[in-house]
Amino acid sequence: MAYVDGFVVPVPKDKLQVYKEKARICGEVWKSHGALSYVECAADDVPYGELTSFPRAVQVKPDEVVIFAWITYESRQQRDAINAKVMADERMKAMFNEMPIDGKRMIFGGFEMLFSL
């Protein structure tokens, strides 16, 4: 069964274009090492919940937008192997310092896919 890495992160609105450019490169790197897909989405209709919500989860500020993204793989084993290659890729080493995000507020994790329609 497929495996998914997902993450949610706040990005300053005035840096969204820079983030988009850098994220596209990240996606190309992941895909070049075998990821099945790489998707990045910017919040458009995401209410601030009373107890839980995407904005609350990453402590979004008024001048930020929430990014919701995921990467798919054939399996957890493939994901682990691909991520090791991605982290060693020279294109990514520079990218980590250039991404306009506060990594301390990023939420991420790996998920076993239950089904896909």
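S1 and S4 run antiparallel and are joined by 6 bridges; helices (H or I, at least four residues) and strands (E, at least two) are DSSP runs, numbered from the N terminus, and two strands pair if DSSP finds at least two bridges between them. This is a predicted model, in which local features need pLDDT of at least 70, side-chain atom pairs count only at pLDDT 80 or more, and totals for chains, interfaces and linings use all residues. Residues are numbered from 1 along each chain as its sequence is written, and side-chain values use heavy atoms, with hydrogens and water left out.

**Sheet**

- The open sheet is formed by 4 strands in the order S2-S3-S1-S4, with antiparallel pairing.
- Its edge strands are S2 (37-42) and S4, each of which pairs on one side only.
- From one strand to the next, the twist averages 15°; axes are lines fitted to C-alpha atoms, for helices over the stretch in contact, and angles run from 0 to 180 degrees between N-to-C directions.
- H1 packs on the sheet and touches S1, S2 and S3, its direction making about 165° with that of S2; contact means heavy atoms within 4.5 Å.
- H3 also packs on the sheet, where it touches S1, S3 and S4, and its direction makes about 50° with that of S1.

**Strand S1**

- Of the 10 residues in S1, 9 are buried (under 20% relative accessible area; exposed is over 50%, partly exposed in between, with a 1.4 Å probe and protein chains only).
- S1 pairs with S3 in the antiparallel sense over 10 bridges.
- Asp-5 stands opposite Ile-71 in S3, and the bridge partner of Phe-7 in S3 is Ala-69.
- Towards S4, Gly-6 stands opposite Gly-109.

**Helix H3**

- H3 has 13 residues and reaches 19 Å from its first C-alpha to its last, close to the 18 Å expected at 1.5 Å a residue; the expected span is 1.5 Å times one less than the number of residues.
- The buried residues in H3 are Arg-79, Ile-82, Asn-83 and Val-86.
- Seen down the axis of H3, these residues fall within an arc of 105°, so they line one face of the helix; the arc is that of the directions from the helix axis to the C-beta atoms.
- They pack against S1 (3-12), H1 (16-32), S3 (64-73), H4 (90-98) and S4 (107-112).

**Arg-79**

- Arg-79 lies in H3 (residues 76-88) and counts as buried because its relative accessibility is 13%.
- Not counting residues up to four places away in sequence, Arg-79 touches Tyr-3, Asp-5, Tyr-73 and Gly-110.
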